[in-house]
Amino acid sequence: MVSWQSLTFNELTNHQLFDLLKLRVDVFVVEQNCAYPELDEKDRHPETRHLMGFQDNKLVACARLLGEGVSYPSVSIGRVATSETFRGKGAGKALMREALDHCEALWPGCDIEIGAQEYLKGFYESFGFEATSTMYLEDDIPHIDMKRAGMAKA
């Protein structure tokens, strides 16, 4: 059972921040063998939320939820990561469902844009995202921009 928390930068404890950054570095820098500036000012932006999934008090999944204009004109989701030991068990799907639910709660009816690794196109399409760009290289990894239209407000 995964428990979820969505916190601003200032709400993170020192240990949560360490675990969050360690998971992101383990996945995006070490596993993907990609030296890039993992830390940026978007983490501290007042509208940014850090979604974290814990199992047995251990961080197993995370995503960064960003308000309009922080990364894209629309709301966006980035730094989507699951721990290696948690993969293959529906972790990515659970994380994306939570991320989408949190975005809808924070920014009702919002469009959501992402910069997705190209090989995950089908995964994101299963959540209603559509490609909005051709493939481009970001840190030597093929990416595409994708967008999910917001739900109409009643």
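Predicted model: local features only at pLDDT ≥ 70, side-chain atom pairs only at ≥ 80, totals over all residues.
**Entry 1: strands**

I started with β2 and β3 (residues 58-66), which are antiparallel and joined by seven bridges. My rule for pairing: DSSP has to find at least two bridges between two strands. Strands themselves are DSSP runs of E with at least two residues, helices are runs of H or I with at least four, and both are numbered from the N terminus.

Residues are numbered from 1 along each chain as its sequence is written, and side-chain values use heavy atoms, with hydrogens and water left out.

I looked up two bridge partners in β3: Gln55 has Lys58, and Gly53 has Ala61.

What else does β2 pair with? Strand β1 (residues 3-7) is joined to β2 by five bridges, and these two run antiparallel. Leu7 sits opposite His50 in β2. On to β4: five bridges tie it to β3, again antiparallel, and Gly78 in β4 is the bridge partner of Arg64.

Next I checked burial (buried is under 20% relative accessible area, exposed is over 50%, partly exposed is in between, with a 1.4 Å probe and protein chains only). In β2 (residues 49-55), six of the seven residues are buried, so the strand is largely enclosed by the rest of the structure. β3 is mostly covered too, with eight of its nine residues buried.

**Entry 2: helix α2**

I picked α2 (residues 91-106), which has 16 residues. From first C-alpha to last, α2 reaches 22 Å, close to the 22 Å expected at 1.5 Å a residue; the expected span is 1.5 Å times one less than the number of residues.

Which residues of α2 are buried? I found Ala91, Leu95, Met96, Ala99, Leu100 and Cys103. Down the axis of α2, the buried residues fall within an arc of 160°, so they line one face of the helix. The arc is taken from the directions from the helix axis to the C-beta atoms. On the other side of α2, Asp101 and Ala105 are exposed.

How many disulfides does the structure hold? Cys62 is in none, and its nearest cysteine sulfur, that of Cys103, is 14 Å away. Cys103 is buried at a relative accessible area of 0%, and Cys62 is buried at 0%.

**Entry 3: the largest pocket**

A pocket here is an open set of points on a 1 Å grid over the protein atoms alone, where a 1.4 Å probe fits, with protein on both sides within 12 Å along at least five of seven lines; lining residues have an atom within 4 Å of a point.

I noted 41 lining residues for the largest pocket, with Phe28, Arg79, Val80, Gln117 and Tyr124 nearest its centre. Which element gives the largest share of the lining? β4, with seven residues.

Terms used. Disulfide = S-S within 2.5 Å.
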